Amino acid sequence: MPKLSICAQEAKKATDADLERELGIELADMIHYIVAIAAINNIDLTSIMLEKDKKASVKYNHTINLETFISEAK
C-alpha cells in the first residue's frame, strides 16, 4: 500500500473530522424527531429511559444504574 503524502494525510484528517461532524448532525436529527414523537404522544422519555436502564442494570449485573449515577453526580 503506498504511503500518503503529508498533504493527503492532512486532507484525510479533515475528511474524518467532517464525517464525525456530519454523523453528529444526523444523530441530533434523530434525537430531535424521537423527542418530538414522544411529546406528541405524551410519552415521558425520561421515566421510560430510567426504568429501562434499571431493568438492564439488573439483567446485566451492573453495580450502578443511570438514575443512581445521576443522583450521585449532583
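I started with Glu22, which is in helix H1 (residues 6–40); helices here are DSSP runs of H or I, at least four residues, numbered from the N terminus. The model is predicted, so I kept in mind that local features need pLDDT of at least 70 and side-chain atom pairs pLDDT 80 or more, while totals for chains, interfaces and linings use all residues. Residues are numbered from 1 along each chain as its sequence is written, and side-chain values use heavy atoms, without hydrogens and water.

Glu22 came up partly exposed at 44% relative accessible area (buried is under 20%, exposed over 50%, partly exposed in between, with a 1.4 Å probe and protein chains only). I found Glu22 in a surface patch of negative charge with Asp18, Glu26 and Asp29. For such a patch, residues need over 30% relative accessible area and no salt bridge, and like charges are joined within 9 Å.

Next, how many salt bridges does the whole structure have? I got 2, counting a side-chain nitrogen of Lys or Arg within 4 Å of a carboxyl oxygen of Asp or Glu.

I noted Glu51 with Lys55 at 3.5 Å, N to O. They are 4 residues apart in helix H2 (residues 45–59), so about one helical turn separates them. Glu51 is partly exposed at 45%, whereas Lys55 is exposed at 57%.

I then logged the salt bridge of Lys54 with Glu67 at 2.7 Å, N to O. This pair links distant parts of the chain, helix H2 and helix H3 (residues 66–73), 13 residues apart. Lys54 is partly exposed at 38%, and Glu67 is partly exposed at 35%.

Methods
Patch = residues over 30% accessible without salt bridge, like charges linked within 9 Å, V, L, I, M, F, W, Y side chains within 5 Å. Areas by Shrake-Rupley, 256 points an atom, 1.4 Å probe, with all protein chains shown as cover. Lys, Arg positive; Asp, Glu negative; His and termini not counted. Charge placed at Lys NZ, Arg CZ, Asp CG, Glu CD. Helix = DSSP H or I, 4+ residues; strand = E, 2+ residues; numbered from the N terminus.
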